Amino acid sequence: MSPHEAHAHSHGGRIPLTVIGGFLGTGKTTLLNRLLENNDGRRLAVLVNDFGAINVDAALVASRGVDTMSLQNGCVCCQIGGDLTDALIRVIGSVPRPDAIVIEASGVSDPWRIAQVGLADPALALDGVVVLVDVASVREQADDPLLADTVRRQLQAADLLVLNQCDRVDDASLAALRVWLDAEVPGTPRHETRFAEVPAALLGAPLASSGHGNRCAPGCTHDHDHAPHHGDVFATWSVTDDAIYRADALRDLLRAMPAGVLRLKGVVRTDRLGWAVLQFAGRHGSLRAWSPQDAAPDANADSALVAIGAHGRLAAQALEAALKAAHSIPPSPAAPRRHESPA
Ligand SMILES: Nc1nc2c(ncn2[C@@H]2O[C@H](COP(=O)(O)OP(=O)(O)OP(=O)(O)O)[C@@H](O)[C@H]2O)c(=O)[nH]1
């Protein structure tokens, strides 16, 4: 029996499901890509949910030559029974059958709600909920009345907390965070790291025995069912066009981001770097040339950017103006497609 067959056997033939959650920009896609690079020959089926109208994460994962299923139209945890269930039915029925399924939750969703779908389907066995934490930003987010509920639900959903971005904080801040987490989520296993380096052994079957099976049995007092609809709490803005951007101007934008932008990410065509990946989260941003090891976007592809912020705080007009000012070659008149939600 191969190790993969043994793993499936230990789940009674059911397909193990791992949910990767955590707030915007904490490192979920980084972890997913690590999993895909070190998948030990397993056939992983990957479902990626992005809150914005454009699924940038799916593009970044798909660029590694892996088939991903993109779950768009908002936050899947708010529409259980819809897209997610349909996608899982398709994945479970696919031939060859996957050895494991990984769902990357959107940064605003409640990973526990997604995990419940896994628990409900007899073909699936929940391996665990892994929640990424940006150690530099989590306390500030948890203190923000608009974000606190989302962040705390994510922390409480975790079977394993990956304390990521440890390169961004000093030892004293990390020590204070540990004390805070001891009080917020006592007993939840934690792993401190940077760039989502997590030993594979931590992500596998052992999670199942330490996790929800124990903490969220019948009688669980967690308020899992009454989360607000995330479309009411968070707003997105996105643009897709054939503009070419000035790399220097985008870097200036990353240093002086308009108010209320919690997350900005995209794949853009630039003057100096060619295709580039833009990332901004938790006050930090980067613009890097498209990795030569990944298949470049189609020559006719459009630049695509998506921003997320708390509803009522996202300064979409200021962002749009800043991006317009960063054009090296403006988009052709018919090209720009903007999407704002809530409108
Ligand atoms: N300095 C630093 N940057 C990191 C670390 N982990 C991830 N990043 C960067 O942070 C940015 C966001 O990482 P992602 O993996 O895309 O985050 P995400 O959680 O998938 O983001 P959303 O899906 O938008 O919520 C990227 O530019 C990463 O390269 C880390 O440990 N340290």
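The model is predicted: local features need pLDDT of at least 70, side-chain atom pairs count only at pLDDT 80 or more, and totals for chains, interfaces and linings use all residues. Numbering starts from 1 along each chain as its sequence is written.

**Ligand shell**
- The ligand is surrounded by 23 residues (C-beta atom, placed from the backbone, within 6 Å).
- K28, T29, T30, G107 and Q279 are the closest.
- At least two shell residues come from each of α2 (28-37), β10 (263-270) and β11 (274-281) (DSSP runs numbered from the N terminus: helices H or I, at least four residues; strands E, at least two).
- α2 gives the largest share, three residues.
- Five shell residues are nonpolar, 11 polar and seven charged (nonpolar: Ala, Val, Leu, Ile, Met, Phe, Trp, Tyr, Cys and Pro; charged: Asp, Glu, Lys and Arg; polar: the others, Gly among them).
- Domain 1 (3-215) and domain 2 (230-341) each supply at least three shell residues (bounds from an automatic or database domain assignment).

**Helix α8**
- α8 covers residues 171-184, 14 residues in total.
- Its first and last C-alpha atoms are 20 Å apart, close to the expected 20 Å (1.5 Å times one less than the number of residues).
- α8 is hardly covered, with one buried residue among its 14.

**Around Q156**
- Q156 sits in helix α7 (residues 148-157).
- D241 is 85 residues from Q156 along the chain, and their C-alpha atoms are 39 Å apart.

Terms used:
Buried ≥ 20, exposed ≤ 12 C-beta atoms within 10 Å, placed from the backbone.
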